[in-house]
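Dear colleague,

I am handing over the structure we discussed, placed just below, and my notes on it follow. Please read them with the model open beside you.

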Amino acid sequence: MGLTSLLRRFPSVLMAWRNLGRNRTRTALAVLGIVIGVIAIASLGMAGVALEQQATSSLGGLTDQATVSPGEDIDTDGITDTQVETIRDVAPATTVIPQKTNRTGLSARNGEEANVQVVGLENPAPLYDISVGDEPARLESGALISESTARTLGLEIGDPIEYDGQLYRVRGLIASDSGFGSDGGGELVLPLSALNSQEYYDSVTIIAEDGDAATEAANAIEAHFNGEDDETLSVTTYASVQEDITSFTDTLELALLGIGSISLFVASVAILNVMLMSTIERRGEIGVLRAVGVRRGEVLRMILTEAAFLGIVGGIIGAAGSLAVGGVIFYVLANDLALVLAWSSSRYLLYGFIFALVASVLSGIYPAWKAANESPVDALRGS
Amino acid sequence: MSVIRLNGVSKRYQTGAETIDALKHVDFHADRGEMVVVTGPSGSGKSTMLNMIGLLDTPTEGEIHLDGRDVTDFGEDDRTEERRSQLGFVFQNFHLLPMLTAEENVELPSMWDTDVDRRERAVDLLERVGLGDRLTHTPDELSGGQQQRFAIARSLINEPDILLADEPTGNLDQDTGETVLDEITRLKEEENIAVVSITHDEQLVEYADRVVRIVDGVVQ
């Protein structure tokens, strides 16, 4: 009785609810149509997001970086201190990390050998993910080494490594997969002072706020150092790759949403049909309503409420189903079930629901208008 | 003063090339506390006349006065308001809505007036027609006579001035019909309303205060 007395306050809702309950199979089939439409829209939208996230994560954190290396027309054998200072001035809001590189062979007590790239820099923290050990802001007399190389050589945290006659202690292991920039195979990161024998820097990594800022910094550096036909410094960014991926996945997302919308369109035609059928069947009844003094607007509201009910129920079930489908998509593509809850993907649940509601109400307008405006005499005669 | 009055009402229908005069200059009136029975053969214009009195249709010629007001040129929305507040309808086939309980059916005409609670009036009316114990039943759980008594209660929920009945006993057996007519007669007096009923049932004529015969759209 509680529900009924609440519904009495909303007569259109009460009538709509009872009417939908009269032909449960028909109602269920209409709802099913909407559920399929919502699942199609929401899960295809989420699939697009998952694809984009997967592509972006393959690029790693590289999109906000630019790499400066000596160009063809440089006068020196590398990048000078003065040039590094100038880069800092030209790209002010960025982290500038000059690096010296070399190659060396390492041999362990167990007889294993490994050829590694030696990178000398002051602050390794922004560039490397450490899987074991700590991530020191300054290496001082410590070293970082790739996890795989450490495994080959049997090195552990605290073990000594000799380079250029100096001993360094392993402070951390570099995670094997930190973007496609590091090849994962053999890097030894040392303090800059370890490569003091080399006068010039081999490369400078610029880390900006985001991809746009990285592109901006790269352009500023190019403009400052390079003329039309001469390249003192060569600058590489990854942001444009990101842009390509984003524009491709955006197009893909639109195409997928388009396909999804078709199914919701089909569903709304089904609702139009169901509502039209049920109002025609109830023609006499609606005539009685009008005869006993129920207003046209009230009949209209009642039938629109029925359509809205179909949309709401179908939308909710569809959103729940889409959540499950989205979970599977994200688990398969991004290997992370929880990403489905992020706004970038979960908003498609909301879109699907709103689409369902809007499509249902729109489909209800014509049958409702037709039923409300029929003359009561004709409607009664038809019963 | 008559609560409903038709002055020279005609109704013409156009079907294809043919023009049908369903009503020809009909004068009619009904007073409070009076039961007027309109009889006549099929196709005589009884139903058209009831539609005029019930403000379900508009005349081609003539005037309709409800409670002294000229309602002839009222539009659909105004006629709906008049039906809601002044008129009660009882149909041959009862026309209760199958998905609503008996009590909800009785309240139907005023269901959208959420500011007035008609439940007390509904229960009172149902007790008066002897169905106070059937409030939560749905129409398919009720007999024809019970359904018609529910329909009578529904027609009176908004305290109308006129009760219009279209063959109210047409689907009932003799005894049940008698009960229903007794009910209508009693309520007519209690509520001081005019009752206009169309029928070709002689049984109904016995309950009439006045009988109007109509043949070929003309009142005899």
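This is a predicted model, and I begin with the contact between its chains, to which chain A gives 18 residues and chain B gives 18 residues. On the side of chain A that touches chain B, the elements giving two or more residues are helix H2 (11-22), helix H8 (283-291), helix H9 (296-333) and helix H11 (376-381) of chain A. Of these, H2(A) provides the largest share, namely five residues. Sorted by class, that side of chain A comprises seven nonpolar, three polar and eight charged residues.

Turning to chain B, four of its strands make up an open sheet, ordered S2-S1-S4-S5, in which the pairing is antiparallel. Strand S2 (18-30) and strand S5 (69-70) of chain B lie at the edges and have a single partner strand each, so one side of each is left without a neighbour in the sheet. Strand S1 (residues 4-15) and strand S4 (residues 61-66) of chain B are joined in the antiparallel sense over five bridges, and Leu6(B) stands opposite Ile64(B) in S4(B). Helix H1 (residues 46-53) of chain B packs on this sheet, where it touches S1, S2 and S4 of chain B, and the direction of H1(B) makes about 125° with that of S1(B).

As to confidence, chain B has a mean pLDDT of 91, with 100% of its residues reaching 70 or more, while for the complex the predictor gives an ipTM of 0.92 and a pTM of 0.73.

With best regards

Terms used:
Residues are numbered from 1 along each chain as its sequence is written. Chains are lettered from A and ligands numbered from 1 in the order in which they are written. This is a predicted model: local features need pLDDT of at least 70, side-chain atom pairs count only at pLDDT 80 or more; totals for chains, interfaces and linings use all residues. Two residues are in contact if their C-beta atoms, placed from the backbone, lie within 7 Å. Ala, Val, Leu, Ile, Met, Phe, Trp, Tyr, Cys and Pro count as nonpolar, Asp, Glu, Lys and Arg as charged, and the others, Gly among them, as polar. Two strands pair if DSSP finds at least two bridges between them. Axes are lines fitted to C-alpha atoms, for helices over the stretch in contact, and angles run from 0 to 180 degrees between N-to-C directions. pLDDT is the predictor's confidence in each residue, from 0 to 100.
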